[in-house]
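Open the model in your viewer and keep the selection panel at hand. The stops below are meant to be taken in order.

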Amino acid sequence: MASITFKNVVKTYGNHNTVIPDLNLEIKDKEFIVLVGPSGCGKSTTLRMIAGLEEVTAGDLYIGDRRVNDVPPKDRDIAMVFQSYALYPHMTVYKNMAFALELRKTPKDEIDRKVREAAHILELDEYLSRKPKELSGGQRQRVALGRAMVRDPAVFLLDEPLSNLDAKLRTEMRSQISALHKRLQTTFVYVTHDQTEAMTMGDRIVVMKDGVIQQVDTPQNLYNYPCNKFVAGFIGSPQMNFLEAVVEKEGDGYALVFGQNRIPLVKPELAPYVGKRVIFGIRPEDIHAEESFLAISAGSNVEARVDLAEMMGSEIYLYFTCSGQKLVARVPSRTGIRADDEVKLALDANKIHVFDSETEEIICH
């Protein structure tokens, strides 16, 4: 049993610098959970508290049914993989992976079996006699994973393990770590600032800001149903567009009015906001340039001038200005739109998110 529970956990440095004001989180046994957020949001501090590398100032931290606030790191049955690999440069790959087991006085035949089994899973068989300096970044990170694996920990903690790798290697290692989790059936807690890693790897994602959890949910729910403007803007690349608008009554529904544009919405949640300013968000892929979509969405068409068109292969990112506000659309490359073109675009009204302009909490999806 390797669930992890934070109950009203506080982390303060010195007398005044509180980085985690009140953390409550339940991580399920065998779950792959990702902590994500901007630099300084408290995600690595949260991970280090699980590891025992940071003390809990107040509250309770449980691993399984055991309160571990005062349990030293070596007795927590966890293994940690760092961004910097933290390999011993003078030892071979085999020795690096075996070292923790040797300290435990594990029998030699068992050490050999575990090291070679982990090496086979991670495709490191032919590198066991090499030293870290002879390996690529991706191979070194696999050694760090192998060193954690041989200990059979109840919990794997991974602190931005891929940030030192190039883009191609990061993609490969993402799939390898996900496959490793399925194979080991162990609890994984993974910290990253890269929302692509979070979206592709986690069973659930914890979005943090200033030491406070904003939302905990599956990747798809976070993407489709963000609870506030921060989560909506953090999850997704390119990020969600945000525009200021005024809510007006229109027939049986309402309209979001900005400049000369009116976007009709049938959302009863907007009733208290008539005459008030709100922020509405729409993702780049929900802005369309195709004639077929323009025809069926005549009520939500806008006219704009394209400032920049980035060719991305199968699609184009269009950066444009609409009623003085900057937006980006992601459209198929076959549209052939280029910079300085005057275009008509359709906003998919069914995919609009409306936020309170003061609290930035969601009003309606």
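This is a predicted model: local features need pLDDT of at least 70, side-chain atom pairs count only at pLDDT 80 or more; totals for chains, interfaces and linings use all residues.

Residues are numbered from 1 along each chain as its sequence is written, and side-chain values use heavy atoms, without hydrogens and water.

Select Ile78, Ala79, Met80, Ala100 and Arg151: of the 19 residues lining the largest pocket, these are the closest to its centre. A pocket here is an open set of points on a 1 Å grid over the protein atoms alone, where a 1.4 Å probe fits, with protein on both sides within 12 Å along at least five of seven lines; lining residues have an atom within 4 Å of a point. The volume is about 520 Å³, counted as the space filled by probe spheres set on the points, which are joined across faces, edges and corners.

Next, colour helix 2 (93–103), which gives the largest share of this lining, four residues. Strand 6 (78–81) and helix 4 (137–149) each supply at least two. Helices (H or I, at least four residues) and strands (E, at least two) are DSSP runs numbered from the N terminus.

Move to helix 3 (residues 108–121), which gives five residues to the lining of the second largest pocket. That pocket has a volume of about 210 Å³, and its lining includes Arg113, Glu117, Phe156 and Leu184.

Finally, show strands 15-19-16-17-18, an open antiparallel sheet in that order; strands pair if DSSP finds at least two bridges between them. Strand 15 (287–288) and strand 18 (325–332) are at the edges with a single partner strand each, so one side of each has no neighbour in the sheet.
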